[in-house]
Amino acid sequence: MPADAFWNGGLDGGVFVRVRQKARKPRPVYDVTIYNEYTGEVWFQGPMTLSAPGELEARVLGDAAFFNGWDGERLFLRDGRFLAPL
């Protein structure tokens, strides 16, 4: 598991997440990898975009406090937006 992956979840479990900015134009795209919390197996890897206009600030990309869960398809943010596969 990469050193810049952070744990995201709750009492019932979670995943490790790594988010990096891939492109800014014409719209922000993020390279996201989701890892199994026990085995480190990659459950998802690929480009994702925000559900609403805007861009994630670089400082929050590795900040676990900004993320609110993974449902197997989308990575939710605490501000109500989410990242979804392209």
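In which strand is the place of Thr33? In this predicted model, Thr33 has its place in strand E3. The legends below begin with the whole protein and then turn to its parts.

**Figure 1. The protein is built from strands, with zero helices.** Seven strands are present in the protein, and reading along the sequence gives the pattern β-β-β-β-β-β-β. The protein is as compact as a globular protein of its length, because its radius of gyration of 12 Å is close to the 12 Å that the globule rule gives for 86 residues. The C-alpha trace spans about 35 × 20 × 20 Å along the principal axes. Of the contacts between residues at least 6 apart in sequence, 42% join residues at least 24 apart.

**Figure 2. Strands E3 and E4 form a hairpin.** Strand E3 covers residues 29-36 and strand E4 covers residues 42-50. The two strands pair in the antiparallel sense, over six bridges. Five residues lie between E3 and E4.

**Figure 3. Thr33 is a buried residue of strand E3.** Across the pairing of E3 with E4, Thr33 stands opposite Gln45 in E4. Is Thr33 buried or exposed? The relative accessible area of Thr33 is 3%, and buried means under 20%, so Thr33 counts as buried. Leaving aside residues up to four places away in sequence, Thr33 touches Phe16, Val17 and Arg18, and also Val42, Phe44 and Gln45.

**Figure 4. The surface and the charged side chains of the protein.** The accessible surface comes to about 5100 Å², and 51% of this surface belongs to carbon and sulfur atoms. Of the 86 residues, 38% count as buried; Thr33 is buried. The protein carries 10 positive and 11 negative side chains. The centres of these two sets of charges lie 9 Å apart.

Technical notes. Residues numbered from 1 in each chain as written. Predicted model: local features only at pLDDT ≥ 70, side-chain atom pairs only at ≥ 80, totals over all residues. Heavy atoms only, no water. Pairing = 2+ DSSP bridges. Helix = DSSP H or I, 4+ residues; strand = E, 2+ residues; numbered from the N terminus. Rg over C-alpha atoms; globule rule 2.2 N^0.38 Å. Buried < 20%, exposed > 50% of the residue type's maximum accessible area, 1.4 Å probe, protein only. Contact = heavy atoms within 4.5 Å. Areas by Shrake-Rupley, 256 points an atom, 1.4 Å probe, with all protein chains shown as cover. Lys, Arg positive; Asp, Glu negative; His and termini not counted. Charge placed at Lys NZ, Arg CZ, Asp CG, Glu CD.
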